[in-house]
Amino acid sequence: MNKVVERLLNLLAFLLTVGRPVTMDEIRRTVAGYDRDADEAFRRMFERDKELLRAMGVPLELRPTDAWEVEHGYVIPAEDYELEDPGFTDEERAALWLAAQVVRLGGRPTGPEGLLKLGGAPVTGAGEPLAADLGVGVDDLAVAFRAIADRRILEFEYRSRSRSVQPLALIHRRGHWYLMAVERGQERAYRVDRGSGYRAGEKEDAFKRPAGFDAKSAIPEMPWEAGTDEPETAVVRFDPDVAWWAERQLPGGAVRRLDDGSLEATLGVANRDSLVGWLITFGASAEIVSPSALRDRLVTLVQGGS
């Protein structure tokens, strides 16, 4: 896949910069990636690449290379490929600049090149721009995305254990990227920035996506529902003085009010530490009724243990 993308970019760059129709033989000699010994192999590859470019909306045309129209070559007419000046106002360019600065991927700010081509970016003072860091390295996301797109097995280290999963989707929620995948026959969610050493397998189409899988609804709403602990059900009770606050943060179907004004919540848990960490913020006003092992974990941490 990477070789195909690189070859297409090389071909696109060559056709845009040469400024005249070029023959297949010239493309074969000049553009990196077409160094095939067999004529038929080159021809098949070039025909596929032409269709890919046209499918992406690139106006690749065949035109005469000279006035006598003896020989023909390929060209991308600049007037058909380049975008017209959108005519943004200063206010619209400022809004685009702000949108580009607000979101970061892997901690990297957006470069100014695109905005400069649209008519310039507003001058700003020194200092760090307003930004929401989406976390995780770009390289890790790229490896995971490639594995999802090609249906390759994805391997990585997570919680001190090697994982080998069937990746299904990448979802950004609550400030983090989550990988939805199947491991040992079960759908699970992994926070990408907590993993390392992401490696995509060599074989494409190594698995089939589960029937009816919906990426939008796949990631759990609550952070303690996304994890690799053995799934369990926890019953939590909140005192009346904090019941209103807990109720606002929990899904409606998981809670019920008791006669004394307290709140009882039944929660699915796949990340025990995440649930315990959230409950600690309630202090002594939150109690895990069951399971006992999870309740003991909360009590230990509240009392200053480890």
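What is the mean pLDDT of the protein, and what share of its residues reach 70 or more? I looked this up before anything else. The mean is 80, and 80% of the residues reach 70 or more. Here pLDDT is the predictor's confidence in each residue, from 0 to 100.

**Ground rules**

I am reading a predicted model, where local features need pLDDT of at least 70 and side-chain atom pairs count only at pLDDT 80 or more, while totals for chains, interfaces and linings use all residues. Residues are numbered from 1 along each chain as its sequence is written, and side-chain values use heavy atoms, with hydrogens and water left out.

**Confidence**

Strands (E, at least two residues) and helices (H or I, at least four) are DSSP runs, numbered from the N terminus. Over residues 122–132, pLDDT stays under 50. For that stretch the model has 16 contacts beyond four places in sequence. A contact means heavy atoms within 4.5 Å. I keep one caution in mind: where pLDDT is low, the predicted coordinates should not be read in detail.

**The sheet**

Next I followed an open sheet of 4 strands. Its order is S11-S12-S10-S13, with antiparallel pairing. S11 and S13 stand at the edges with a single partner strand each, so one side of each has no neighbour in the sheet. On average, neighbouring strands are turned by 25 degrees against each other, direction ignored. Two strands count as paired if DSSP finds at least two bridges between them. In general, strands of a sheet pair through backbone hydrogen bonds, either parallel or antiparallel.

I then went through the pairs:

- S10 (residues 232–238) and S12 run antiparallel and are joined by 7 bridges.
- S11 (residues 255–257) and S12 pair in the antiparallel sense over 3 bridges.
- S10 and S13 are also antiparallel, over 4 bridges.

Which residues are the bridge partners of Val236? In S12 the partner is Ala265, and in S13 the partner is Ile288. Ala234 stands opposite Leu267 in S12.

S11 and S12 form it with 5 residues between them. In the turn, Gly261 has a positive phi of about 90 degrees.

Is S12 mostly covered or open? Strand S12 (residues 263–269) is mostly covered, with 5 of its 7 residues buried. Buried means under 20% relative accessible area, exposed over 50%, and partly exposed in between (1.4 Å probe, protein chains only).

**Helix H10**

I looked at helix H10 (residues 272–280) for its buried residues. They are Leu275, Val276, Trp278 and Leu279. Seen down the axis of H10, they fall within an arc of 160 degrees, so they line one face of the helix. The arc is that of the directions from the helix axis to the C-beta atoms. An α-helix has 3.6 residues a turn, so residues three or four places apart point the same way.

Back at the sheet, S11 and S13 are its edge strands. H10 packs on this sheet, touching S10, S12 and S13. The direction of H10 makes about 0 degrees with that of S10. Axes are lines fitted to C-alpha atoms, for helices over the stretch in contact, and angles run from 0 to 180 degrees between N-to-C directions.

I found a cis peptide bond between Ser290 and Pro291, with omega about 0 degrees. Pro291 is in the loop between strand S13 (286–290) and helix H11 (292–302).

Arg159 is not a glycine, yet its phi is positive, about 55 degrees. It lies in the loop between strand S5 (154–158) and strand S6 (161–173). Arg159 counts as partly exposed, at 36% relative accessibility.

Arg184 is not a glycine either and has a positive phi of about 55 degrees. Its loop runs between strand S7 (176–183) and strand S8 (186–191). Arg184 counts as exposed, at 73%.

Glu26 is in helix H2 (residues 24–30). Is Glu26 buried or exposed? Glu26 is buried, with a relative accessible area of 17%. Leaving aside neighbours within four places in sequence, Glu26 is in contact with Phe14 and Arg20.

Ala149 sits in helix H7 (residues 138–150) and is partly exposed, at 49%. The C-alpha atoms of Ala149 and Pro167 are separated by 9.0 Å, with the two residues 18 apart along the chain.
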